[in-house]
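This report looks at one structure. It covers the fold, the nonpolar cores and the salt bridges.

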Amino acid sequence: MRRRRFNWKALRITSQIVAVLLVGSYFFALVYQQQLHWWQTLLFQLDPLTHLYLLISTHHLTSWLYALIALVLLFAVSRIFCGWACPLGALLDLVSALRGRLLLLNRWRRGQKARPLSSIKPPNHRSLLPANFDVYLLGALLVLAAFRSPTLWLLDPIVFTFKFLTVVILPVLDLPLRTLVNGLDARFYQTGWWPPVMDSYALYFTPYQNPVYTDTTIFMLLAATIIALELVQKRFWCRYICPLGAMLRLTYRSHPLKRRIRPDCAYCLKCEVSCNFGGTLETDCLYCMECIHACTPAKISFLPGGPVISRSGSVTPPVLLSRGEAMLRPQAAEEGRAMHGIAPTEEDDLSLAPTLRADFKQAYRQRICGELQPEGISRRLLLEYAAAGFVAYPLLKLFDGRRELPLDFIRPPGVYDEAKFTELCLKCGQCMKVCLTNGLQPSLVEAGLSALWTPRLISRLGYCEFNCNLCGQACPSGAIPKLALEEKQRQVLGIAFFDRSRCIPYVLPNNCTVCEEHCPTADKAIKMRAGSVADKDGKLHETQQPYVVPSLCIGCGICEKKCPLPGLSAVRIFRTPPGDAFKSSYGVAGPAEPAPGNSGDTSSDYSTYGG
Amino acid sequence: MSLDRRTFLTRLSLALGGIAAGMAACKLFRGGPPVGQFAATDEAEAAQAGNLVWVEGKDPYANTVRAVKELGGIERFLKKGQRVTILPNVGWARKPEFAATTNPQVVRALVDMCQQAGAKSISLFCNPCNDMRMSLDLSGIGDVIHSTAARYEFINEDGWNEHTAVPGCTHLKKADVYRLIDNCDLLINCPIAKHHGSSQLTMCCKNLMGAVRDRGAIHQSLHEGIADLTMMIPAKLCVLDATRILLRNGPTGGNLKDVKVCNTIIAGTNAAEVDVLGCGLFGSAPKDIGFLKLLGDRGYVKLDPAKLAVQRVKA
């Protein structure tokens with residue numbers, strides 16, 4: 001008879017759902033407000049990896065308090081996070097749960113009849129990559145970070161999740177939803193019962209337009225790879241890659257909550273088969289509670305007390321040995337039971353162990369019989385991987401070469417020091433999510449591999465709103481400086497230049513002035529003056545032609561965005577060399593380097609450019 | 001799963017029947033007046049009360065109330081249970097003191113009057129240049145929405161109705177006008193008077209650009225476009241906010257030195273007439289303002305302010 005016990009697995013799944021909902025709320029709450037709340041960068045501040053990374057790459061912490069909280073969480077929560085709260089882990093668990101129901105996979109397996117429960121196909125628990133690979137990978141990544149090359153930092157699951165939500169999920173969710181909401185609203189808005197749904201919709205999604213992000217295909221490929229790897233092996237990502245998981249793996253050892261097995265375990269091995277994370281003899285555990293669920297006589301507990309099967313703590317070798325042996329030869333289980341005087345009861349269903357397939361047993365041969373203890377972290381291997389990071393750095397730099405930033409590569413307001421920005425930027429995507437105009441876009445390799453997916457302003461897609469400093473407020477690492485509004489309005493992102501071969505009043509005998517109209521600076525940086533354009537008969541017509549006053553222009557890009565020409569705008573924002581170089585090029589004071597604040601001054605000694 | 005012909009036909013007819021029923025239901029719920037209905041101002045009423053009023057006084061709220069009262073009260077324009085659309089200028093994310101957006105007190109006064117007159121619904125609309133959420137917050141019109149029954153409608157991209165040009169238009173053949181302009185019983189044009197880089201002055205006529213989309217194309221012959229829009233979208237009540245006016249660097253402004261405090265409200269029943277009067281605020285002659293000259297040439301408005309019957313009130 002089955003004993004009633006608490007359904008830990010259901011609690012874990014509930015916790016995962018709550019965590020996903022919390023992250024989702026956090027994500028959707030990051031929309032236009034005049035002042036963001038204090039908790040709107042919290043997701044990244046509580047991430048110990050953020051602080052470790054910033055400490056190594058910039059040699060100081062952004063916030064001692066949050067670093068301390070993250071450190072406490074690192075030890076207190078440890079691996080429980082992976083099984084119970086990690087949003088990426090929840091997604092991967094969902095993929096695994098759907099695995100048997102995915103249509104294509106079923107087609108592929110067509111013909112295989114459903115097997116009886118007694119002959120469950122054991123999951124693939126074979127180690128596909130070297131044990132503790134994630135720890136070594138983390139070592140290599142940290143060496144890269146020390147060289148200020150955070151190329152692979154988007155492997156942080158928190159960063160990855162947020163970025164994925166921003167650049168893929170939101171646009172994909174928004175497109176059909178917007179069509180639906182728009183269509184229903186257009187149909188029903190005059191009826192009394194129809195709620196003002198457009199208003200609420202516009203508050204949580206970009207008003208008027210579907211958010212889009214450039215070059216996200218490659219990002220989706222990465223996500224698809226992670227999901228495909230999940231189909232190869234449960235929690236592949238978490239076992240071998242995840243750098244946050246690697247940190248938690250290290251603190252797992254000292255964590256008080258561990259899996260404990262009663263000494264009268266009858267070696268039925270159902271816990272081994274049910275485990276989500278490489279079998280229960282792995283170095284650590286995700287607390288997925290599947291084994292509690294599988295162990296019908298309820299001999300497993302995670303609460304303190306009783307013998308522990310783990311690397312550190314009170315290991316009970318005879319049980320461990322017998323369990324390993326039991327997998328190889330069914331009679332070993334019997335021997336073990338005899339040796340320890342365990343009499344199996346009716347509750348102990350021993351039918352599973354003899355039916356385990358040979359390859360499952362084979363997988364354990366080396367780990368359990370060859371070497372009883374799970375593999376520890378090898379100092380030598382760690383050094384080897386660190387050395388690999390050391391070698392990888394010049395290779396990455398080789399890709400970047402001595403390339404200059406493209407002229408139209410505009411950074412968010414207040415960012416002048418490209419190297420400093422690249423090393424501070426977590427690539428989390430909070431700035432892109434909060435940007436009011438959808439102008440902040442993930443870069444590809446324009447600024448080098450190190451700056452992959454860092455924010456850039458593509459003015460033709462969305463300009464920098466004059467009265468907005470939300471990207472700086474939303475940046476958790478301070479890569480985009482938090483500036484007061486008046487200060488932000490003086491930041492020079494670039495300078496507008498007119499393409500007079502396309503600009504309407506330079507080409508046709510028509511006026512336009514859209515750019516001048518939108519220019520937000522108090523003394524307009526785009527001014528108009530009379531010029532003349534010949535019509536088809538050669539007759540000259542007077543038109544009002546725009547020109548830029550570089551010392552007034554802050555490069556917000558609203559002119560480029562609003563230019564009515566199709567395709568390429570006739571006025572475009574280009575990077576400006578900071579400080580003295582700018583002055584020698586254009587004879588005006590350019591953006592200060594690197595301190596913000598004193599740029600874009602309206603000193604009178606400027607010459608005009610562009611007309 | 002295989003599907004025989006009978007089942008297929010049954011399901012197909014069921015599905016088509018369902019769609020037809022759904023469409024019929026949609027048709028049932030649609031309604032509202034057809035596009036482009038604007039009753040001409042009642043001539044008898046117009047003869048009784050003035051059609052143009054110039055109010056000066058310290059309080060913009062009181063000025064607005066007084067101006068509408070001098071025109072015959074809001075009841076002249078609005079019957080109980082009718083729908084109102086107010087078209088303020090919320091085009092820019094600027095604070096009211098920069099005189100780039102309509103003074104929120106003026107909008108509030110109009111909303112309050114409409115509510116007291118028993119309006120069924122009061123909607124505010126403006127197709128903004130800057131981010132709408134920010135424009136509402138900074139201009140102070142967001143507060144009006146939050147504290148009154150008025151509703152600001154965020155644009156539904158499916159909500160544009162195509163208007164064809166009316167006789168007399170020379171440049172525009174059609175314009176996409178937002179649905180709120182059509183689906184209301186009273187349209188109140190409620191702009192701010194300010195300088196504009198290309199249309200010279202932006203007042204009631206230019207404010208109609210806030211009701212249409214694809215404005216980039218209109219800019220190539222802006223004056224013709226504004227003149228055409230004025231004839232295509234006649235608002236029955238025009239309230240020009242000249243509490244503060246912007247003298248230079250319009251339409252965005254941003255420098256308090258460019259702002260002049262006039263404490264004036266000009267109201268009327270014809271956007272062009274109000275604009276002709278409004279030119280006086282800037283010391284410009286109406287015939288020098290491109291779109292007004294065009295409207296004058298078309299016989300839509302008398303360009304000489306002296307020939308307009310204006311009621312001047314000091315509140």
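A salt bridge here is a side-chain nitrogen of Lys or Arg within 4 Å of a carboxyl oxygen of Asp or Glu. The side chains of A:D93 and A:R12 meet that criterion, at 3.8 Å from N to O. The model is a predicted one.

**A buried pair in chain A**

A:D93 sits in helix α6 (residues 87-98) of chain A, and A:R12 in helix α1 (residues 8-29) of chain A, so the bridge ties together parts that are 81 residues apart in sequence. Buried means under 20% relative accessible area. A:D93 is therefore buried, at 12%. A:R12 is buried too, with a relative accessible area of 4%. Both residues belong to a salt-bridge network that also links A:K9, A:R235 and A:E290.

**Other salt bridges**

Over all chains, the whole structure holds 25 salt bridges. Three of them are listed here.

| Pair | Closest N to O distance |
|---|---|
| A:D523 and A:K527 | 2.7 Å |
| B:R83 and B:D185 | 3.5 Å |

In chain B, B:R83 lies in strand β2 (residues 83-88), while B:D185 lies in the loop between α7 (179-182) and β7 (186-190), so their bridge ties together parts that are 102 residues apart in sequence. B:R83 counts as buried at 16% relative accessibility. B:D185 is partly exposed, at 26%.

**Chain A overall**

Chain A contains 28 helices and eight strands. Of its 611 residues, 53% count as buried. Among contacts in chain A with a separation of 6 or more, 75% join residues 24 or more positions apart. The chain exposes about 27400 Å², and carbon and sulfur atoms supply 63% of that area.

**Nonpolar cores**

In soluble globular proteins, nonpolar side chains tend to be buried together. Here, the largest nonpolar core has 117 residues. Which residues have the most contacts inside it? They are A:F44 and A:W237. Helix α9 (residues 157-188) of chain A gives this core its largest share, ten residues. A second, separate core has 53 residues, including B:L87, B:C262, B:V274 and B:V276.

Leaving out residues up to four places away in sequence, A:W237 touches A:L88, A:L92, A:L155, A:I226 and A:C242.

How values were computed:
Residues are numbered from 1 along each chain as its sequence is written. Chains are lettered from A and ligands numbered from 1 in the order in which they are written. This is a predicted model: local features need pLDDT of at least 70, side-chain atom pairs count only at pLDDT 80 or more; totals for chains, interfaces and linings use all residues. Side-chain values use heavy atoms; hydrogens and water are left out. Helices (H or I, at least four residues) and strands (E, at least two) are DSSP runs, numbered from the N terminus. Buried means under 20% relative accessible area, exposed over 50%, partly exposed in between (1.4 Å probe, protein chains only). Contact means heavy atoms within 4.5 Å. Accessible areas come from the Shrake-Rupley method with a 1.4 Å probe; for residues, only the protein chains shown count as cover. A nonpolar core is a set of buried Ala, Val, Leu, Ile, Met, Phe, Trp, Tyr and Cys residues joined through side-chain atoms within 4.5 Å.
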